[in-house]
Amino acid sequence: MGDAGATKWTAIALTCQDIQTAQAVQKELEYRQRKGQIHKDALLLTVEDPQARTGSGGATLNALLVVAEYLSQRKGHTVVTSDVLFDARILILHVSREFPYDSCGRAWTTLPVQPAESAAVGYDSLITNLDCLLHTITYKISIGSPAGVWVCSTDMLLCVSTPMEIDWQEHQSGVCVFAVPAAEDYAKNHGMYRLQKESNVVQDLMYHGGATAMKMCSIPDPQDPLAKAVPLVSGLVFFSARAAERLLSLHVVPVLDACTYVGLDSGVKPIHLSLFFDILLCMGNDVTEETFVSGELSRDYDKINRKWLIEGSEVMAMKSARSLLWKHLRGIGMKAVIMKDSSYSYMTTSGADHMKNLIKCPLEVKTDEHLLWSQFNHAYVEDGCSVEDTSIVINSALEGAIQVGPKTVISHCHLKGAIQIGKDSLISNIDIDASQDLDQHKLSSGILLQGFQLQLGGNTKHLCKAYTVMGKFDSLQTAYVKGTSTFCNSPWVVFLTRTGIDKEDLWPVHQTDYDRTLFNAKLFPIWNASETVGIKEILWLEGGEQDEVMLQRWRTSWRLSLQEILSCIDVPGELSYRRALFSTVGLCKVENVLKNNKNVSLLPFFKTAAVEGYAEQTLSKLDQVAMTTDSPGVAARCLACIADVLGAMAGDKGGLRSGPAANQAFQDAFQLLRNGQISNGIQALAKERSNWLDRPELLMRAARHYEGAEQILICQAVMLSKQFVTVTPSEPTAMDKWVTGTCPARIDISGGWTDTPSITYERGGAVIDAAIQVDGKRPIGAKVKRIPELQLILVLDSDQTHSVQVTCNELSDLADYCNPKAPGALLKAAFCCAEVINLSSNQTLQEQLQEKYGGGFELHTWSNLPHGSGLGTSSILAGAVLAVLWKASGKCYDHQSLIHAVLHLEQMLTTGGGWQDQVGGLTAKINIGHCKAGLPLKVDMDPVEISEDTVKKFNDHLLLVYTGKTRLARNLLQDVLRNWHAKAPYIVENCNQLVENAWRCVDAFKAGDFEEVGVCMDTYWRQKKVMAPGCEPLVVQRMMSVLGPHAYGQALAGAGGGGFMYVLTKEPNAMETVKEILAGVEGTEDITIHTVTLDEEGLRVEVEE
């Protein structure tokens, strides 16, 4: 049975015409399995047909035999046993090759659609007709089916809008065929079922039926009860395990065994069996043995002219085969399921039909959530190119000045130059070398220009490229003699007159005009003894005038017809070309996205590159972009992308992505980056990376180090904001006089995470904060005084019983400021950031202190808040420290300089902090900080003007609840930045909504609308959980649940994960109520509840008298 609404296939088998194609297709299936598009446990097989003309029935029997052999071997059997069919769900897909408009055939026709985010499994992919069929059968038709064998053609577009509800009890035995209701006008050219009313038992199968047959087969139209429809053969059949067992038994029946590889290996002459008009036809209730065995119901017999389409000996062989089919299969019940909400479009040989299927695909009418229909599908279109809105570009790169007219399809092409492509055209499989001959060329409208890779010469395997051209309205099979026969949309006589070509150049003299068609006309030059031929000659055929030189070269060239070209296609070569082009297009997009800082996710392409074998080319491209950019922000994103590629290469075997990144092997490269030598640093990283590509665990460790390198460049990017720090000289304070700075805490009310580098300089940000006193106190502070001793005395937590003192007598004592875990790291970094001390000076610490200040400094810091409170303690404390240091050392500053200096200091600390904490805690009341995208990063602040009544209401209704859990922002930060750099669409959209919500909250405060403020808070909390899944501990979830009815809004402060939770209560002064409510919540033993007062001053700096 299917898991999560899907059938779990035991085996999927694709039939192919030859072994080379089978091997290439096998790789295609395995790629899909590795990308999660096919269940990981499914056995994947590609089965080459034993002979050229085995037919769909023979191919089915042969594929079933091969699958049964594999499953038998898996279960330990030494011979084929049908027992394996009774617990297996097998899917056999028949892949025909020859199709004029796609070199790989109908199954591999690439559609203008891509995986939607919800179903993409994180990979970039081209979607083919085969993929759509596989998804439709797996998720919409076969759900809940019993064991058995499914067989499906791939020469049609089959759309089923919603999962079907089928009573599978009716199909536990026998055969189930699937029919699509169709209009009579469409059905007359296709196969159809005649069904018994009510029961839907199949009475007969008909092909190309006339008016009488239509009437016999008609059923009520499911979409219009007053109208009639015809049950069309959809190409999909289900054999129950019992029926499949009887079908499998035919492989040991002489004559019928000729359809299988067993017959081939036994030297038996092959026969051609149709799945529908041989195997299934004999099960029809009203079919008699005499008419069935005679073959007059088969497609081998021309009913109109009453003659056989096969040789006499074949007629007798087929009669013998049908007699055996009747004997072995007659009696198997066959019922039809009418696919009511569905559509069927056979992929004909009409160019106009093919264009319609792409421009307005029938599958798009009733689209699926897992598919996203788009004009551009894995396409790179350079700025100088123009593509009309109604046109489609699939797996192609357009560079230069390409102009594409309306309703045109560009597929699997790399075009470069000044090329004009008319409307209603198809350009397919034209590579960049061939596009040189198209430069400065204007193609007429309605033209189909295609390239084909061929394998000629039998075993010699001579590979070459062929190009074809024809018109959208040309009919491949219409006889030359008929007035409707055309080439490039013009009558043949016009073409022959224009070029000087004779019809004897195109067809053998003995061939009659009734047998001469566009399909068998030897139009297309492949090889010339003296000159290179290719697309130039094709363009001449399309629109050139008489040219004796060109005509002579064309006549002396070895030419093939389209029919011959289609029979010689190198399918493995074509599939390989498409994958190489997919890589090329992807790398063009990677460069464009990174250089232009676009919010486009590249991770699906990186994961696909790792699966399909072009990860190292991707790494090289990322190196190149990083080395050539002049933006440390772009370079940082490149390094994040390299980490993603390495992680994708490691897969699920490399361990956790997060981890240490200080291996000595990377330190030289890191130092080059720190020194600003980005290009040299990237090169050094790449050189070292080559030593870490052998094993998954090494790849993952290398990925961690690339994230470490990325952080270095992010720090450098943010440090560009130092230009917004301005200080001027003033008188230092007196010796032994304390300069004290005290600060409120802050709560982030909306917009947080958008202040975090690199989100903030790549997208822009906005955060609304409130400066708050906790239980009436300003909880954060620092004080400093000048001292006679030539040293720095640093006292941490000076208001606590167990304070820590660090004394710095040498510059080396300050050197570990960039290690956040080092004692006094923040204070040491502050001395350097405030430029009180210069670590790179040739003077000693004592010499600098003596020369500048005549003594040293004693610096104390404190916070009455628990570690990991979420109230912005470290950044606010950094602001207080810088403020008192500047004051004591004789420097004047403005508020904006202080905000940016804290941002700079946190980069020195390598903690990767943003700007919201210092904006919120150093600035009075409620304010909104905001910045635009771009570097250097500049933060602006606007106070939120509120009334005194609103201030009072804020103080009366806001409470803080300490959850008792420590929050570690850095752990969350790594995951958030990883998702941001991957530009996951949901993260990008969430950041947009965070900014919108912040400005909405500003308006709510200005209006004094606390109910709306609460809505913004709740929205903000949901947005935080999107940014950092797992930031809501279970106890917090319980607390919020019980407090919800009593609160306008609530959220955890900061990044979440623990610390303080703020609650905007509906009732004023509700502390006791909240205590009572939370008292009954499991896990709240350690919580504490605190009052909040809006601070009206922000940072306060006082100098001792």
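Author: The side chains of aspartate 41 and lysine 40 meet in a salt bridge, with N to O at 3.3 Å; the term requires a side-chain nitrogen of Lys or Arg within 4 Å of a carboxyl oxygen of Asp or Glu. The model is predicted: local features need pLDDT of at least 70 and side-chain atom pairs count only at pLDDT 80 or more, whereas totals for chains, interfaces and linings use all residues. Residues are numbered from 1 along each chain as its sequence is written, and side-chain values use heavy atoms, with hydrogens and water left out.

Aspartate 41 is partly exposed, at 39% relative accessible area, and lysine 40 is exposed, at 66%. Here buried means under 20% relative accessible area, exposed means over 50%, and partly exposed lies in between (1.4 Å probe, protein chains only). By contrast, aspartate 748 and arginine 746, which form a salt bridge of 3.5 Å, N to O, are both buried. Salt bridges with shared partners also join Glu28, Arg32, Lys35, Asp131, Arg579 and Glu612 into one network. The count of salt bridges comes to 46.

A further salt bridge joins lysine 522 to glutamate 564, at 2.6 Å, N to O. This pair links distant parts of the chain, 42 residues apart: lysine 522 is in the loop between H15 and E30, and glutamate 564 is in helix H18 (residues 562-567). Helices (H or I, at least four residues) and strands (E, at least two) are DSSP runs numbered from the N terminus. Both partners are partly exposed, because lysine 522 has a relative accessible area of 29% and glutamate 564 has 26%.

Phenylalanine 524 lies in strand E30. Its relative accessible area is 1%, so phenylalanine 524 counts as buried. Apart from neighbours within four places in sequence, phenylalanine 524 has contacts that include Tyr467, Thr468, Val469, Trp558, Arg559 and Ile565; contact means heavy atoms within 4.5 Å. The C-alpha atoms of phenylalanine 524 and threonine 468 are 6.2 Å apart, although 56 residues separate the two along the chain.

The side chain of arginine 786 instead reaches the backbone oxygen of tyrosine 853 at 2.6 Å. Beyond residues up to four places away in sequence, arginine 786 touches Pro732, Thr733, Ala734, Met735, Asp736, Tyr853, Gly856, Phe857 and Ala888.

Two lysines sit over aromatic rings. Lysine 607 lies over the face of tyrosine 123, at 4.7 Å from the ring centre, and lysine 938 lies over the face of phenylalanine 724, at 5.9 Å from the ring centre. The rule asks for NZ of Lys or CZ of Arg within 6 Å of the ring centre and within 35 degrees of the ring normal.

As for the chain around these sites, its secondary structure comes to 37 helices and 47 strands, and 59% of its 1105 residues count as buried. The C-alpha trace spans about 120 × 75 × 60 Å along its principal axes.

Terms used:
A polar contact is a pair of N or O atoms within 3.5 Å; within protein, one must be able to donate a hydrogen and the other to accept it, and residues adjacent in sequence count only if both atoms are side-chain atoms.
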